Amino acid sequence: MIVTSRSANALGCTSGSWKIWSLSDGHVDMPADLLRRGPGLGKYPVPGTSSVLRLSVNCFLLEQPGTPGVLIDCGAGGRWEPSLGHLDRTMAEAGIDPSSVGTVALTHTHLDHLNGLITRDGRQAFANLRRIVIAHDAVTLFADESHLERFRPLLVPVGNGDRLADHLSAVALPGHAPGHMGYVLDSGEDRILFCGDLIHVPAAQFARPELTWAYDDNQTTACATRRKLLREASEAQSWLAGAHMAKPGMGRVVEEGSGYALLPIA
Ligand SMILES: [Zn+2]
C-alpha cells in the first residue's frame, strides 16, 4: 500500500486499482478495567495507563474508479459521546463526497459502528446508499434499532466467504458480537483484512492476544479468533485495519516475543 494523502483525521492509500481511506469518526474514552487477563478473568492493568483508555473509532472507505464506494462501518452518528460521530467532517476534510458511497458494510451492530447512517444533525449520511451488507446473524439486531427502520430494505445479509465486489469478500470473525464480520480485500498487490473489533487495546492485545475485552460477547471465542487472525496475518504479511486500533488503524502484524506487534502504516 502506498500512502498518497494524509491529514489530521484521514489517510488515503492506493493498492492495485483500489483507493483505501482510513477515516476517523473520533474517539471514545472507556474504563481501563474493561480489559481482562483472559476469558472470565480479572482486570488487566495496562502499563502506563490511568483508569481510562482512549479508543480510536475508525471507518474505512474502499474506492475503485467508476463504481460506488464501499464504506466499512460508519461511526456513531449522534448516538454516543460528542467526541464521536464526525465521519462527515472527516470526509469533507479528505475531499470525499458522501454521495459516492453506495455500500455500507457493517462489521457488527454496536452503536459506534452503524449509527453514522444518520449524521449528528439528523441527515441521512449517504444520499446514494443502495445496500447495507451485514452478517446473517446480525440482521435481527439491526431490526431492533427502530430509529434505523428506514434502512431495513437495504440490508443484504452475507456469510463467511461471500463476495461483495471484485477482490472483496466477507470473513467471519466470531466472538465480539453476534455475526461479527470482517472484510478482506485482495487487491493483487496487498491483502488487507478489515477486522472490526478484533482488537480494542492495541497497546496491550498485540503483545498479549489472550487479553479480552469485557464487551466481547463470547470472550473465549473472541480470544481464539484474535490468536488465529494475528498468526495468519503475520505469516501472510497481510495488513490489518481495525476499528479501534490507534488512528489511522492500519498496519502490518509481525511476531514479537511470545506475541505480536503492529508496524503502523508509514
Ligand atoms: Zn466497536
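Predicted model: local features only at pLDDT ≥ 70, side-chain atom pairs only at ≥ 80, totals over all residues.

Me: How many aromatic pairs does the structure hold?

Reply: Two. One is phenylalanine 60 with phenylalanine 194, ring centres 5.5 Å apart.

Me: What's the geometry of that pair, stacked or tilted?

Reply: Tilted, because the ring planes sit at 55°. Stacked would need under 30 degrees, and edge-to-face over 60.

Me: Where do phenylalanine 60 and phenylalanine 194 sit in the chain?

Reply: Phenylalanine 60 is in strand 5 (residues 52–64). Phenylalanine 194 is in strand 13 (residues 191–194).

Me: Is phenylalanine 60 buried or exposed?

Reply: Buried, at 2% relative accessibility. Phenylalanine 194 is buried too, at 1%. The cut-off for buried is under 20%.

Me: And what about the rings of tryptophan 213 and tyrosine 215?

Reply: Their centres are 6.5 Å apart. The planes are at 85°, so that pair is edge-to-face.

Me: OK, switching to charges. How many salt bridges turn up in the whole structure?

Reply: Seven. Among them is aspartate 88 with arginine 123, whose closest N and O atoms are 3.4 Å apart.

Me: What does the pair of aspartate 88 and arginine 123 tie together?

Reply: Parts that are 35 residues apart in sequence. Aspartate 88 lies in helix 1 (residues 87–94). Arginine 123 is in the loop between helix 2 (111–114) and strand 8 (131–135).

Me: How accessible are aspartate 88 and arginine 123?

Reply: Aspartate 88 is partly exposed at 31%. Arginine 123 is partly exposed at 42%.

Me: Which other salt bridges can you give me, say for arginine 163 or arginine 208?

Reply: Arginine 163 meets aspartate 166 at 2.4 Å, N to O. Arginine 163 counts as exposed at 57%, while aspartate 166 is partly exposed at 45%. Arginine 208 bridges to glutamate 210, with closest N and O atoms 2.8 Å apart. Arginine 208 is partly exposed, at 33% relative accessibility.

Me: Which residues do shared partners join into one network?

Reply: Asp88, Asp121 and Arg123, through salt bridges that share partners.

Terms used: Residues numbered from 1 in each chain as written. Heavy atoms only, no water. Phe/Tyr/Trp six-rings, centres within 6.5 Å; stacked < 30°, edge-to-face > 60°. Helix = DSSP H or I, 4+ residues; strand = E, 2+ residues; numbered from the N terminus. Buried < 20%, exposed > 50% of the residue type's maximum accessible area, 1.4 Å probe, protein only. Salt bridge = Lys/Arg side-chain N within 4 Å of Asp/Glu carboxyl O.
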